[in-house]
Structures are given as structure tokens and as C-alpha cells.
Amino acid sequence: RSMSGYETENFILKSDGSLDHSGKIFKLAEKKGLAVKKEAAKSMVEVICMPHKRLSSTSKDLINNLLQLTELTEKNNGHIYPFSTYPGINKPVIQKNEWYKTQEKIFGYDKYMTAGLCCGFHQHYALPRGMFDPKTKFINYKLKSKVKKTLIDSYNLLNAVDPIFTTLLQSSPYDNCKYLAKDSRMLLYRGGKKLTYMKGKYAHHQLLGGLSPYKQTLQDLISTIKRRKTKWDSLLKKQGLDPKKHSKCGSELDFTWNPVKINAHGTLEYRGPDMNLLSVIFGMSTMMKFALREFQQNFLMVVPMDIEMKEAFTVENNMVFIPPHTTVRNELQVASAYEGFKNKDLKIYINRFYNFVKGNVLDRYRPLLKPIKQMIDNETSISDKIFAKT
């Protein structure tokens, strides 16, 4: 059974509802020994949890950590804001360290500042057994082809379902008092020509932060990972920086901020969606956990094909059919950002995946799918609810 883990990013508010840029809450939380990490902006705190084999244990650990942070914040006349972008004025105060200074030089001041405008949710799922070498902190490509194929199928599946998860978790209609999109974080973070938003942090560096194409083989995936490291080194050199001194970590797996990545901790990390209510997060994470579990335990194969949306996630023999990556990246991703449930094809696509995965969810976890089912039936996301109240 594979391990699962969570990372949640949260805004800290003052008693009057404005953003707290002091960094005080993080310092208090760290002093108290809470499971927190610094985020890009001082008004943000990342809450983590220990990975567990059972999703219920992972979820309970996260709940406990968030409850402790909430109690600490409220004792100091503050609040935790659980959604992805702050609807009011947000002028981020970025942490002062060498890593963020390096990013400012590479991406430019305006794009670098977007890191303090949006909070996200990350979920980790352990790589298939034996696929990660803890000594080299890299993918072990000497295993049998069947296990290699399982990793590629898992990687392609997460890229294929990214528009589904970003729609279900969208909670960021506003940026600095202005409506930007139903998923403003996607534009602010990924950006790029496909999303018709060139102000995003990775707008000009899609290799490092955009939604990736599918991979045919493990060697294709490794080649892309190495290209990202080469790209990062070239960006550093362009700014007169030494890659050996200004790279954040040692593993080649560290130089990617795409929605789907292979992590240097030996996990398949999905980092595409907005932050949201825990009830919604747990519903989405249940879908992800049991979808990957089905593919990795039963060696299902992901097969991209020119299909209609009503045929997506059809299972024949051991094959599960998904749309081509061009459809996912150029159409469904864009629809998720700007239209959400109003897009007919995306709505069908979400329903198809939900029906595919619900049969694989263990009975004791099925109640966690209720908020997702309600959202699908009502065709309403948190972004839609926020917009309706403003």
C-alpha cells in the first residue's frame, strides 16, 4: 500500500479581515512545534502532515495540525483564510532569503510577486515500489518494464485529470479586488499562451511550471526532467549566477513546479489545484488516491485516443481511454480556468471520471465523496459561491 501526504497553504488574516504581513503567527507556530513551513509571502503559512498508508490517518493528522494552527491564530486575534486568493488588496511581503532573491532575478519582479498572491493544495502519492532510488534521489530506471509503465500511466493520468481537480477545487475568482477567472490561481501561477495570460509566474517558462504533455516512456519522462534542470541552469547563468551555488536542492527532481511532478522525496506530487475547504479537499484526494491505487495495483494502462468526452475513462480489457493531451491542455484546462461547470465538455468529463473512480473507492471512504457529488449535481464550485455573494 502506498503512502499519501498533504501540503496546504493558508492565508493569515488580522482581526479586521485584512492580510497579516507581519509573519508573527508563523513564528509562534514554529516556536510551539506545529507542523508548519514558511511560504513565499509572510501572510501565508504552509501546514503539512506525516504521510501514512491509510488516507484516513493522513487526513486526521492534517486536521489536527490545522486545528492547532487555527486555535493559535485565533488566540492572537487572527483568522485562517481557507481559499486560494484573497479577494481584497494583497501587496505581498516576500520572505527575505537567497532562494527568493534568485527567483526575482530569473522571473522578474512582477511575476515573482505572484507567488504571494495565491495558495494551493498539494497531494503526494508514493511512486510504485522500487521506482525511486533514495541514494541518488532520482528515478530508478533499471526495473522491469511493467513497473516503469505503471509510473508513466500514473503520471499521464494525473495530467489528464488536472482540469477535473482544478474545477472541483477552484476557489479564486478574485485577485486584488478584481474578477480574473474562476481559477485565478491557474492564471497567476501557470499563465502562458494556452491560458491567454502572459502575466503568470511561469508564462514564459512553461517547461518549468505549465501543464505537461503525456509521456510515452520512462526515458521520455527522464529526458524532460533533465531538460528542466538544464533550463534552470541556463536561466541562472543568464543572470550571472553560478548554478552550483544558487540551486535550491541537489536532486534533478527539484527543478520543476508543474502541476504534476516526480518529487525528490519519492512521490508523485499533484500540485495543480486551489486551496479549499477540507471537506472538498478530502473528496478530491479520495478520488486521486483510489484512482492511482487502481492503476498501480491492477496495472491498468492509460491510452490517449481521439474520443468524445462521453467516452472518456471507458475501460476495455485493461485499458482506460483518455483524450489527447492537446485536448486536455488547450481546451479542458482553459475551460476549467474560465468557465468551470458552465462548459459542457468539461462537465461531461468530470462526470465520466467520477463514475469511473467511485466504484474503486472502499465503502468506508465513500461518504467523503458526498461534497464532490453535490458540487457536480449542482454544477457549482466554491468560486461560483464566492462570486454569487459579491
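The legends below describe several close-up views of one predicted model.

Local features are described where pLDDT is at least 70 and side-chain atom pairs where pLDDT is 80 or more, while totals for chains, interfaces and linings use all residues. Residues are numbered from 1 along each chain as its sequence is written, and side-chain values use heavy atoms, with hydrogens and water left out.

**View 1. Three strands form an open sheet with mixed pairing.**
The strands stand in the order E12-E14-E13; helices (H or I, at least four residues) and strands (E, at least two) are DSSP runs, numbered from the N terminus, and two strands pair if DSSP finds at least two bridges between them. Strand E12 (301–304) and strand E13 (315–316) are at the edges with a single partner strand each, so one side of each is left without a neighbour in the sheet. E12 and strand E14 (residues 319–322) run parallel and are joined by 4 bridges, and Met-301 has Met-319 as its bridge partner in E14. Helix H5 (residues 145–169) packs on the sheet, where it touches E12 and E14, and its direction makes about 50 degrees with that of E12. Contact here means heavy atoms within 4.5 Å, and axes are lines fitted to C-alpha atoms, for helices over the stretch in contact, with angles from 0 to 180 degrees between N-to-C directions.

**View 2. Helix H13 (residues 370–378) has the buried residues Ile-372, Met-375 and Ile-376.**
A residue is called buried under 20% relative accessible area, exposed over 50% and partly exposed in between (1.4 Å probe, protein chains only). Just after H13, Glu-379 takes a positive phi of about 55 degrees.

**View 3. Trp-99 and Trp-257 form a tilted pair of rings.**
Rings of Phe, Tyr and Trp (its six-membered ring) pair if their centres lie within 6.5 Å, and planes under 30 degrees apart count as stacked, over 60 as edge-to-face and the rest as tilted. In this pair the centres are 6.2 Å apart and the planes stand at 35 degrees. Trp-99 lies in helix H3 (residues 98–107) and Trp-257 in the loop between helix H9 (243–246) and strand E10 (260–262), so the pair ties together parts that are 158 residues apart in sequence. Both residues are buried, and ring pairs link them into a cluster that includes Phe-107, Tyr-189 and Trp-232.

**View 4. Phe-299 has a positive phi, near 55 degrees, although this residue is not a glycine.**
Most residues other than glycine have a negative phi. Phe-299 is placed in the loop between H10 and E12 and counts as partly exposed, with a relative accessible area of 31%. Lys-146 lies over the face of the Phe-299 ring, at 4.2 Å from the ring centre; a charge sits over a ring if NZ of Lys or CZ of Arg is within 6 Å of the ring centre and within 35 degrees of the ring normal.
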